[in-house]
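Visitor: I'd like to learn how to read a structure like this one. Could you walk me through it?

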Amino acid sequence: MCRHLGYLGPAVPLAGLILDRPHALLRQSWAPADMRGGGAVNADGFGVGWYTDDVSPPARYRRAVPLWTDASFASVAAATSSHAVLAAVRSATVGMPVTETACAPFTEGRWLFSHNGVVRGWPESVAGLAAELPTVDLMTLDAPTDSALLWALVRHRLRAGAAPADALADVVRAVAAVAPDSRLTMLLTDGTTLAAVTWWHSLSVLEGADFVVLASEPWDDDPQWTSLGDRLLVTATLNPAPDVRVRALPPDPD
Ligand code: GLN
């Protein structure tokens, strides 16, 4: 698996989102509750992206070590606040490298992206899709992993002006067509909109009066957490109350 989380709301310390809850990503890194997809822990690294204002690229911190071993991150996370965060803990798919650059979130400009799952038959199964990308994109992937390629495919659509949910939907459809049984749950944000697609892996939503969280697993036993179904597109914004829209993944327009 891998476990990830996206947050929009008032500025809060990163530790409050990632470390301090009873079942926060910290605990999910060594004792995840939903084991579908295999793997026992998410100890192959972690990453956090967070926005410092409404115009700058987000800050990002990634390490190829288990989240629970990084005491320096715990210290920084207690002292750093943000209004928009995307964070992930990683369980590397067999055959993929354990390296900092393979850890989500992936980023460009204001975008932050993470993928939970696996592309079946990677890389051969998706070679045709990769061929649609500019050569320079393929030469500069963050890492030789399925997730890094998925980000390149999503980013290509965002650069062309696609709305975030449409970019995710289009990539899921394209990848699922050539690599059936792939697991393609993804999160994407620009610090204002949080978009997600559920494709086999779990995702839950928590809406407060002025914040919204999308997370692989609820960070506590608050009954307000809602488990989202499979094959859904989710878009969340704040106006300033959360506006969360969930719809079935539309079929291919072709
Ligand atoms: N396949 C991706 C990787 O290896 C994501 C793994 C996961 O979701 N467990 O990084």
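Guide: Let's go from the whole chain down to one residue and then to the ligand.

Visitor: Where do we start, and how confident is the predictor in the chain?

Guide: Start with confidence, as this is a predicted model. For the complex, the predictor gives an ipTM of 0.96 and a pTM of 0.96.

Visitor: How many helices and strands are there in the chain?

Guide: You'll find seven helices and 13 strands. The radius of gyration is 17 Å, close to the 18 Å from the globule rule for 254 residues, so the chain is as compact as a globular protein of that length. Its C-alpha trace spans about 45 × 35 × 35 Å along the principal axes, and 44% of the 254 residues count as buried.

Visitor: What about contacts along the sequence?

Guide: Take the contacts with a separation of 6 or more: 66% of them are between residues 24 or more positions apart.

Visitor: What is the strand order in the open sheet of seven strands?

Guide: The order is 3-2-4-1-10-9-11, with antiparallel pairing. Strand 3 (59–63) and strand 11 (226–227) are the edge strands, each pairing on one side only. Now look at strand 1 (residues 2–13) and strand 4 (residues 81–90): they run antiparallel and are joined by nine bridges. As one example, Gly-6 has Leu-86 in strand 4 as its bridge partner.

Visitor: Why does Pro-10 count as partly exposed?

Guide: Count the neighbours. Pro-10 has 13 other C-beta atoms within 10 Å, so it is partly exposed; a residue needs 20 or more to be buried, while 12 or fewer makes it exposed. Pro-10 lies in strand 1. Leaving aside neighbours within four places in sequence, Pro-10 is in contact with His-83, Asp-210 and Phe-211. Asp-210 is 200 residues away along the chain, yet its C-alpha atom and that of Pro-10 are separated by 7.1 Å.

Visitor: Which residues come nearest to the ligand?

Guide: Of the 15 residues around the ligand, the nearest are Cys-2, Ser-91, Thr-93, Met-96 and Asn-116. Next, ask what kind of residues make up the shell: six are nonpolar, seven polar and two charged.

Visitor: And which element gives the most to that shell?

Guide: That's strand 6, with four residues. Strand 6 (111–118) and helix 6 (146–159) each supply at least two.

Definitions and conventions
Residues are numbered from 1 along each chain as its sequence is written. This is a predicted model: local features need pLDDT of at least 70, side-chain atom pairs count only at pLDDT 80 or more; totals for chains, interfaces and linings use all residues. A residue is near a molecule or strand if its C-beta atom, placed from the backbone, lies within 6 Å of it. Ala, Val, Leu, Ile, Met, Phe, Trp, Tyr, Cys and Pro count as nonpolar, Asp, Glu, Lys and Arg as charged, and the others, Gly among them, as polar. Two strands pair if DSSP finds at least two bridges between them. Two residues are in contact if their C-beta atoms, placed from the backbone, lie within 7 Å. The radius of gyration is taken over C-alpha atoms; the globule rule is 2.2 Å times the number of residues to the power 0.38.
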